[in-house]
Amino acid sequence: MEKFEGKIFTALCTTNVLISCLLFSKITREQREPYMDEIFHVPQAQKFCEGKFDEWDPMITTLPGLYLVSVGLIQPVVWLADLSGKAVCSAAMLRFINTLFNCGNLYLLYLIIYQIHYKDKSRTACRRVLTALSLSTFPVLYFFTFLYYTDAGSTFFTLFTYLMTLYGSHKMAAMLGVCAILFRQTNVVWVGFCAATVVAQRLDEVWAAEQTKKRDHRSPTGSHVPLNLAGAKRLVRFLWEFATTTANLKALIMATWPYLLVAAGFAGFVALNGGIVVGDRSSHEACLNFPQLFYFLSFTLLLSLPLTLCPRRVLRFLQSVRRQPLLYLALTTLALLLVWKFTHVHKYLLADNRHFPFYVWQRVYQHHPLVRYLLVPGYVFATWSFQDTLLQGRSLFWALAFGVCLVVSTVPQKLLEFRYYILPYLLYRLHMPLGSTPRLLLEIGLYAAINGATIYFFLYRTFQWPDSTDVQRFMW
């Protein structure tokens with residue numbers, strides 16, 4: 001890290017911590033008691049603080065990573081300060097752990113950005129720092145740093161896992177991946193993605209070597225593989241030859257064995273547990289909800305508008321449609337079919353009016369039966385924009401690995417829940433080309449406005465249900 005860049009980053013970290021602590025104090029004063037899912041998480045953590053590790057709330061569906069880390073952080077403070085009483089593991093103390101995770105996420109994001117975009121050392125110091133600051137305030141993630149949810153810690157350990165993969169420390173990455181899975185079981189997909197990046201790197205090397213032998217000096221990046229039927233045949237043939245070569249398979253196993261051990265352990269857990277979900281499974285049944293991928297792509301398009309939106313980009317999309325009308329007609333037809341046959345609506349989405357997705361569904365998708373089909377052209381554009389950005393400077397094999405993990409992490413989810421989009425969005429955004437300073441400042445401004453509005457609604461736009469006197473609050 002350059003000296004000047006280090007000073008800028010330190011100043012922004014300090015500012016971020018100060019603002020986060022002030023917001024934490026305000027939110028905790030207004031909502032002292034556990035709220036929403038905290039009514040399960042806080043009592044469970046308090047049991048762990050009391051040493052009751054054999055007591056478990058069956059309504060909790062995640063593994064105990066959050067509670068174990070909470071005890072690991074709080075107990076040393078208790079011993080050193082000789083504290084006692086309920087305040088030690090109060091809701092406020094437990095929530096503050098996620099505020100600490102937010103600081104850690106900012107640092108990890110910066111290190112990952114520095115590692116990915118290390119080639120542009122002289123011209124992009126400020127842009128690297130601004131990108132890290134922007135992503136650390138990503139609206140959905142930032143809001144849950146002030147409540148006792150699993151999201152901040154889950155993101156922290158998953159980002160840490162990926163950082164160690166980028167450094168080539170695969171044993172450490174695998175151990176951190178286990179921590180990520182202990183926070184949320186679905187993080188096994190992103191641990192798999194870390195392993196897949198190692199495989200993609202090996203594929204890039206073999207591909208480049210083969211092209212050199214054929215006197216084809218084109219780069220092995222995905223942009224130089226024709227995205228048509230001939231290119232697909234060429235790619236499939238290459239992957240088949242690679243997979244049937246013993247030397248290649250041995251090299252991959254030697255490179256990825258720490259991740260394979262994690263996968264084997266997770267498979268054993270699923271077999272013993274009878275499924276991925278622990279506790280109450282009635283509301284977390286997997287299904288083929290393909291439109292969930294379209295929701296994510298639309299969400300991604302909207303949140304990345306400050307960096308991606310420009311007239312030239314829209315023009316390039318229209319030119320692509322004009323050059324390949326049959327391809328886009330096929331994509332549109334497929335999207336319409338998936339929306340028609342595979343749209344699932346979770347009971348929570350229709351019943352819980354405290355969450356923003358409730359209003360998105362009610363006021364957009366339920367406005368008219370045809371709305372979900374009329375949005376398909378927008379989905380097609382969002383898909384084009386996503387792949388167009390993803391392939392800039394990334395190999396096709398890396399993009400395929402990310403695409404597969406994205407589908408696996410989103411499609412089985414029945415509930416429309418923006419928290420499920422945090423990790424795939426951050427990983428996508430981290431690999432986008434660094435934006436210009438004005439665009440990054442615009443992104444930070446957009447995120448700040450969304451965060452401000454979200455926290456304002458949570459604190460001051462309270463309401464009550466007709467059959468209850470409890471105060472209800474809006475949230476993600």
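Reader: Let's start with threonine 161. Which helix is its place in?

Author: Keep in mind that we're looking at a predicted model. In this model, threonine 161 belongs to a helix that covers residues 151–167. That helix is α7.

Reader: Is threonine 161 buried or exposed?

Author: Residues count as buried under 20% relative accessible area. Threonine 161 has a relative accessible area of 2%, so this residue is buried.

Reader: Which residues is threonine 161 in contact with, leaving aside its neighbours within four places in sequence?

Author: For a contact, look for heavy atoms within 4.5 Å. Once the neighbours within four places in sequence are set aside, threonine 161 is in contact with Ala173, Leu176, Gly177 and Cys194.

Reader: Okay, on to helices α8 and α11. At roughly what angle do their axes cross?

Author: Helix α8 runs over residues 170–183, and helix α11 over residues 246–273. Their axes come within 8 Å of each other. The crossing is right-handed, and its angle is roughly 20 degrees.

Reader: What does that make α8 and α11 to each other, roughly parallel or roughly perpendicular?

Author: Angles under 35 degrees count as roughly parallel. The axes of α8 and α11 cross at roughly 20 degrees. The two helices are therefore roughly parallel.

Reader: How do the residues of the contact of α8 with α11 divide into nonpolar, polar and charged?

Author: On the α8 side you'll find His170, Lys171, Ala173, Ala174, Val178 and Ile181. They meet Ala255, Trp257, Pro258, Tyr259, Val262 and Phe266 in α11. Sort the residues of this contact and you get ten nonpolar, one polar and one charged.

Reader: Now the cysteines! Which two form a disulfide?

Author: The structure holds one disulfide. A pair of sulfur atoms has to be within 2.5 Å to count, and the sulfurs here are 1.8 Å apart. The pair is cysteine 49 and cysteine 89.

Reader: How many residues apart are cysteine 49 and cysteine 89?

Author: Cysteine 49 is in helix α2 (residues 38–49), while cysteine 89 is in the loop between α3 and α4. Their link joins distant parts of the chain, and the two are 40 residues apart.

Conventions: Residues numbered from 1 in each chain as written. Predicted model: local features only at pLDDT ≥ 70, side-chain atom pairs only at ≥ 80, totals over all residues. Heavy atoms only, no water. Axes fitted to C-alpha atoms, helices over the stretch in contact; angles between N-to-C directions. Helix = DSSP H or I, 4+ residues; strand = E, 2+ residues; numbered from the N terminus. Parallel < 35°, antiparallel > 145°, perpendicular 65-115°, else oblique. Left-handed = near helix turned anticlockwise from the far one by under 90°. Nonpolar A, V, L, I, M, F, W, Y, C, P; charged D, E, K, R; others polar. Buried < 20%, exposed > 50% of the residue type's maximum accessible area, 1.4 Å probe, protein only.
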